[in-house]
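I wrote each entry while looking through the structure.

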Amino acid sequence: MINDNLWYKDAAFYQISVRAFKDSNSDGYGDLQGIKEKLDYLQTLGVDCLWLMPIYPSPLRDDGYDIADYRNIDPMYGTLDDFTSLINSAHARGIRIIMDLVLNHTSDEHPWFKASRSDKNSSFRDYYVWSETDQKYNGTRIIFVDTEKSNWTWDDKTEQYYWHRFYASQPDLNFDNPKVQEEMINIARFWLDLGVDGFRADAVPYLFEREGTNCENLPETHAYLKKLRAFMEANYPGRILLCEANQAPEDVRPYFGDGDEFHMGFHFPIMPRIYMALKKERADDMIEILRRTPPIPENCQWCTFLRNHDELTLEMVTPQERQWMWEQYAPEPRMRINLGIRRRLAPLLDNDQRKVELANSLLFTLPGSPIIYYGDEIGMGDNIELPDRNGVRTPMQWDDSPNGGFTAGAPCTELVKGELSYENINAASQLADKDSLLQSISRMINVRKEHHAFGSGSMEWVESTNPSLAVYKREYNGETLLIINNLTGKPQAAALPLEHQTEYVDLLSNAEVRIKTSLNLEPFAYLWLRQKI
C-alpha cells in the first residue's frame with residue numbers, strides 16, 4: 001500500500017451498514033466476514049476507503065451509536081480476530097478502513113453509566129453530566145425533536161437529571177472529567193493498534209456544556225479534539241479523523257484548526273443544495289453555499305455526500321427552504337422525520353438513472369472527497385414502511401436469488417419491495433451490463449482518482465449564458481478540467497467565455513471535444529473535460 005499521508009484527499013469513501021451488507025453465516029445479520037467476501041466487488045467499484053458504521057456491543061436502540069462496550073465487537077458481527085482479518089484483507093487490496101468513534105455519549109447499558117447511576121458517590125458518577133434541575137443549559141436545541149421533549153432525563157434511583165443530546169438511552173459523557181478524556185484517547189489507541197486507518201468522529205460539536213451558550217462548538221471542544229489529533233499524529237501518522245458536525249461551513253471551519261484538528265469534515269450544507277439545484281434546474285444555491293465556504297488548510301479536505309444512514313437532513317437550510325424541500329421530495333408525511341427526509345437517493349430522483357448519474361457527477365467533481373452510501377451505486381430503493389431511519393438501512397441487493405443474495409437465512413429486517421426490489425435492482429445484473437448505473441459510478445470513481453485536480457485542485461465557477469447549467473473549472477499542477485452539468489431534463493445550449501473555447505478530451509469517454517462559440521448538451525448530461533495543452 002502506498003504510504004501517502006494525504007491519501008484521503010483523492011480517496012472515494014464507501015459507507016457500510018455492517019448489519020445490512022452481507023451475511024456470511026445465515027443468521028440474518030450482516031457481518032465482518034460478509035464484508036471480507038465482498039472486497040473484490042468493492043475493489044472493482046474502485047473505492048479507496050470503507051467507513052464501517054458501529055460494530056461495538058450495543059442494545060441497538062440507535063443502530064449501534066449507543067455503545068455498551070468500546071473495546072469489543074458485537075457477536076452478531078463477529079470477533080476482534082474477524083476484524084483484524086478484514087483489515088488485513090482490505091489493505092492487501094489497497095483499501096483502507098475507518099470506523100465510527102462515538103465520543104459524545106454511551107448507551108445507558110454501558111458499565112460506566114450503570115455505575116454512575118447506581119450511587120452518587122460512585123467513582124463513575126462524574127463520567128456523565130448530572131443536575132438537580134432540568135433548567136440548566138436551556139439555550140440548547142433538541143436534536144431528535146420527534147421523540148425527545150428535553151435534553152434532560154430524570155433518574156429515579158439517584159434523584160437527579162442526566163444530560164443527553166440524542167435519545168434518553170444515550171447519556172452524554174462529561175468531558176470536563178480528565179478521566180473521560182483519557183478513556184476516549186485510550187479507546188482510539190486500542191483500535192488504531194488493531195490497524196484501523198482512522199475514525200469518523202460522531203457528533204463532535206456537543207462534547208462540552210457551558211451555561212449561557214447553545215452548548216455547541218465550544219472552545220473546550222476544540223482544545224480536546226486538538227489533543228486527540230496530536231496523539232494520532234505522534235503515534236499513528238497517516239491515519240485520519242473525519243468530523244461529523246452538521247453546521248454551517250463557517251462553523252465547521254474551526255474543526256480543521258490550523259491543520260491540527262480534523263483531517264476531514266463533512267460538508268453538510270452542500271448536500272441539500274444539490275437536490276435544490278436538480279429540482280429548480282438552477283445552480284444558484286450550490287454557488288451561494290460554496291462561495292460562503294471558507295478556505296481550509298492545505299492538509300485538510302471536505303467530505304461530500306448525497307445520502308447516508310440518517311435522514312436527508314434539512315437543518316442547514318432556512319425554514320422556507322425546508323418546507324419547499326419537503327413538498328418537493330417528501331410529499332407524504334411518512335417520508336419525513338425530525339428536520340429531514342427518510343428516503344434513499346434513487347427514489348428521491350424518481351428512479352431515473354440519468355438524474356442519479358448527474359447527482360453523482362456533481363458529487364465527484366465539486367470540492368471534497370465523495371462518500372457513497374452502500375447500495376446507492378446500484379440505485380437501491382428504500383422501505384418507508386419501516387420505522388425511524390431503518391427504511392434506508394435495508395439489506396444490500398447482491399443478486400436476484402432469495403433475499404437478494406444478502407442471506408441464506410431469514411433477514412434481520414424487511415427488504416425493499418416493488419419496482420426497486422432485488423429482483424429488479426441488484427449488483428450482479430449491473431456488473432454484467434456496461435450501461436448500468438453501477439458501471440457509470442465505477443467509471444466516475446476511477447477517473448476521478450487519476451486526476452488530482454478533483455481532490456486537491458482549485459475550483460472556479462464559469463459564467464455561461466444558461467443558468468440551467470452548472471459549469472466550473474478545476475485546476476491543479478498545470479492541468480485544467482472543465483465540468484459541465486445540465487441540471488434539466490431538456491436539451492440545453494450554452495455559450496462559454498472565450499478562454500474556454502478550445503479543445504478538450506472527455507475524461508469519461510476519451511472522445512475529443514472542441515468548444516467553439518456554444519455547446520449543446522442532452523437532458524441531464526454531464527461532461528468532464530480536460531483541456532488539451
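Entry 1. I looked up the bridge partner of W154 and found Y161 in strand 6. The model is a predicted one, and I read every entry below with that in mind. I then checked how strand 5 and strand 6 are joined: four bridges link them, and the two strands run antiparallel.

Entry 2. I looked for the pairing partners of strand 3. Strand 2 (residues 49-52) pairs with strand 3 in the parallel sense over four bridges. Within this pairing, L50 has I97 of strand 3 as its bridge partner. Strand 7 (residues 198-202) also pairs with strand 3 in the parallel sense, again over four bridges. Here I found D100 opposite R200 of strand 7.

Entry 3. I followed the chain from strand 2 to strand 3. Together with helix 4 (residues 80-92), the two strands make a β-α-β unit, and the unit is right-handed.

Entry 4. I turned to helix packing and began with helix 13 (residues 353-365) and helix 15 (residues 437-450). Their axes are 10 Å apart and the packing angle is about 15°. Because angles under 35 degrees count as roughly parallel, helix 13 is roughly parallel to helix 15. The crossing of helix 13 past helix 15 is right-handed. Among the residues in contact, I recorded V356, N360 and F364 of helix 13, and I441, M444 and R448 of helix 15.

Entry 5. I then looked up helix 9 (residues 270-280) and helix 11 (residues 319-329). They pack at about 60°, with axes 11 Å apart, and this angle makes helix 9 oblique to helix 11. Helix 9 passes helix 11 in a left-handed crossing. The residues that meet include Y275, M276 and K279 in helix 9, and W324, M325 and Y329 in helix 11.

Definitions and conventions:
Residues are numbered from 1 along each chain as its sequence is written. This is a predicted model: local features need pLDDT of at least 70, side-chain atom pairs count only at pLDDT 80 or more; totals for chains, interfaces and linings use all residues. Side-chain values use heavy atoms; hydrogens and water are left out. Two strands pair if DSSP finds at least two bridges between them. A crossover is right-handed if, with the strands pointing away from the viewer, the path from the first strand over the helix to the second runs clockwise. Axes are lines fitted to C-alpha atoms, for helices over the stretch in contact, and angles run from 0 to 180 degrees between N-to-C directions. Angles under 35 degrees count as roughly parallel, over 145 as roughly antiparallel, 65 to 115 as roughly perpendicular and the rest as oblique. A crossing is left-handed if the near helix is turned anticlockwise from the far one by less than a right angle, and right-handed if clockwise. Contact means heavy atoms within 4.5 Å.
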